[in-house]
Amino acid sequence: MATLTIDLPEVPRPQAAYRLAADCPHCGAPLVLRQNRQTGALFTGCSAYPGCAFSEPHDPRVQTLSTGVIQAVHVLATQVAQVHTEAQRQLAQAQADAQWQVAAERATLERTVRQLIALAHPDRWPDTPLAHELTVALVALRATLRPGHHGAPPAEGPATAA
């Protein structure tokens, strides 16, 4: 029986690569930390290798600095998000306060107009055309004070009781 021997070329093992907080100055791909297989020295290389062959000796101070910058950016981003959330909360509170204030003022005006309608009602001032006209105008004004009312007051018509 014959034995067949095949010599296969050595398949390179994938290299452990650690992403750095920087991008390749040539192609913009992330830079990674690699180790030279022959010398064991660390170097910074492009993650797009072999498409981009950028590499440079690794300086651990750069990694420390870039990590610090990234952490500072994350802290600032968190603070900005917190400030934004607080600003939105304060804005919502201010809008709610303003709506409450408008509703309270509207209710006061509504009461005042109702009282004026009662005072000027034609039943209290018989044979006085001005009482009728004043009551009609006050009823139209009261309609404009209702929440959600937009536009001109309703057309003149007979006065209604308050």
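**Legends to close-up views of the predicted model**

**View 1. Overall fold and contacts of the protein.** Of the contacts (heavy atoms within 4.5 Å) with a separation of 6 or more, 26% join residues 24 or more positions apart. The secondary structure consists of two helices and four strands, in the order β-β-β-β-α-α from the N terminus. Helices (H or I, at least four residues) and strands (E, at least two) are DSSP runs numbered from the N terminus. This is a predicted model, in which local features need pLDDT of at least 70 and side-chain atom pairs count only at pLDDT 80 or more, whereas totals for chains, interfaces and linings use all residues. Residues are numbered from 1 along each chain as its sequence is written, and side-chain values use heavy atoms, with hydrogens and water left out.

**View 2. Confidence of the model.** The mean pLDDT (the predictor's confidence in each residue, from 0 to 100) is 80, and 76% of residues reach 70 or more. Confidence is lowest in strand S1 (residues 18-23), with a mean of 71, and highest in H2, with 89.

**View 3. Helix H2.** This helix has 16 residues and reaches 23 Å from its first C-alpha to its last, close to the 22 Å expected at 1.5 Å a residue; the expected span is 1.5 Å times one less than the number of residues.

View 4. Alanine 137 lies in helix H2 (residues 129-144). Its relative accessible area is 46%, so alanine 137 counts as partly exposed, between the buried limit and the exposed one of over 50%.

Methods: Buried means under 20% relative accessible area, exposed over 50%, partly exposed in between (1.4 Å probe, protein chains only).
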